[in-house]
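Biologist: Please take me through the features of this model one by one, with the rule behind each.

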Amino acid sequence: MKNPMLEVVSLLLEKLVLFSNFRFFSLDIPGEEKGWKKFYEVNCFLRGDLLEVPRTHLTHYGIYLGDNRVAHLMPDIMLALTNDKKRTQKVVSNKRLILGVIGKVASIRVDTVEDFAYGADILVNHLDQYVKKKALLNEEVARRAEKLLGLTSYSLLWNNCEHFVTYCRYGSAISPQVDKFFEMLKIIIRDQRSVLASAILGLVSIVCMGLASYTTFPAIIIPFCLWMVA
């Protein structure tokens, strides 16, 4: 049986990751409105290569399958709205992506290199420098990716595009981006000013909204937990 408190904490952390990685009104990602088409020399990619697309606020990953095809995990709200493959197979726009993240709807899909990269530069097997595991043989990497094609749930913390490619290439689903976020969160939590700030906010909520379980309990338990782990 799932712990409701853990589910709430997990949800809050996912929203924090979302806000720390996305700017809703100014996504610095080349979009369809900006003429993002760019030529890529696909002959330099090998089947099973891990392709990485660095962007201002996040990094997107995929596995090259050969013949100008890339498998990647992509959030897409359209998957929850229709079964029409002609519509869902179109390039995922920024709005569809963000709503897919919020709705936790995604698929591991195959796109061309151009559609996958969305006009950004591509790094090849860049994660090999940071992941402390030996990469599997390229053919095994590609086969793992092909077996996972189709609908999947999405979670910024537990099942994102980085988890997908690291499972395929290294045999373990990990996310260095999420690890960095948790390290940053630890620094914030361990700062005793966070305890003071949360206590003040708790008192303000009680003053403004009155004494009630939904205001008093968080006002006490959050500063206490921060104080204990600081």
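Modeller: Start with the salt bridge, which is a side-chain nitrogen of Lys or Arg within 4 Å of a carboxyl oxygen of Asp or Glu. By this rule the count comes to seven salt bridges. One of them joins Arg144 and Glu140, with the closest N and O atoms 3.2 Å apart. This is a predicted model, in which local features need pLDDT of at least 70 and side-chain atom pairs count only at pLDDT 80 or more, while totals for chains, interfaces and linings use all residues. Residues are numbered from 1 along each chain as its sequence is written, and side-chain values use heavy atoms, with hydrogens and water left out.

Biologist: How many helices and strands are in the chain?

Modeller: Both are DSSP runs, numbered from the N terminus: helices are H or I with at least four residues, strands are E with at least two. The chain has nine helices and six strands. Arg144 and Glu140 both belong to helix α5, four residues apart, or about one turn of the helix.

Biologist: Which residues do salt bridges with shared partners join into one network?

Modeller: They are Arg47, Glu139, Arg143 and Glu146. Glu139 and Arg143 are four residues apart in α5, about one helical turn.

Biologist: Is Glu139 buried or exposed, or does it count as something in between?

Modeller: Buried means under 20% relative accessible area and exposed over 50%, with partly exposed in between (1.4 Å probe, protein chains only). Glu139 counts as partly exposed, at 33%. Arg47 is partly exposed at 27%, as is Arg143 at 47%. Glu140 also counts as partly exposed, at 34%. Over the chain of 230 residues, buried residues make up 43%.

Biologist: Which ring does Arg144 lie over?

Modeller: A charge sits over a ring if NZ of Lys or CZ of Arg is within 6 Å of the ring centre and within 35 degrees of the ring normal. Arg144 lies over the face of Tyr167, at 4.6 Å from the ring centre.

Biologist: How many of the residues of helix α6 are buried?

Modeller: Nine of the 10 residues in α6 (residues 161–170) are buried, so the helix is largely enclosed by the rest of the structure. Among the buried ones are Cys161, Glu162, Phe164 and Arg169. After α6 comes Gly171, with a positive phi near 90°.

Biologist: What is the nearest side chain of opposite charge to Asp49?

Modeller: For charge, Lys and Arg count as positive and Asp and Glu as negative, while His and the chain ends are not counted. The nearest opposite charge to Asp49 is Arg169, 4.8 Å away, and Asp49 is buried yet has no salt bridge. Asp49 sits in the loop between α1 (4–21) and β1 (50–54). Its side chain reaches the backbone nitrogen of Leu46 at 2.7 Å. Contact means heavy atoms within 4.5 Å. Beyond four places in sequence, the contacts of Asp49 include Cys44, Tyr64, Asn138 and Arg169.

Biologist: Which side chain makes a polar contact with that of Asp111?

Modeller: That is Arg109, at 2.8 Å. Asp111 lies in strand β4 (residues 105–112) and counts as buried, at 9% relative accessibility. Leaving out residues up to four places away in sequence, Asp111 touches residues including Asn68, His72 and Phe116.

Biologist: Where is Lys104 placed?

Modeller: Lys104 is in the loop between α3 and β4, just after α3, and takes a positive phi of about 60°. Lys104 is partly exposed, at 34%. Its C-alpha atom is 6.1 Å from that of Ser155, 51 residues apart along the chain.

Terms used
A polar contact is a pair of N or O atoms within 3.5 Å; within protein, one must be able to donate a hydrogen and the other to accept it, and residues adjacent in sequence count only if both atoms are side-chain atoms.
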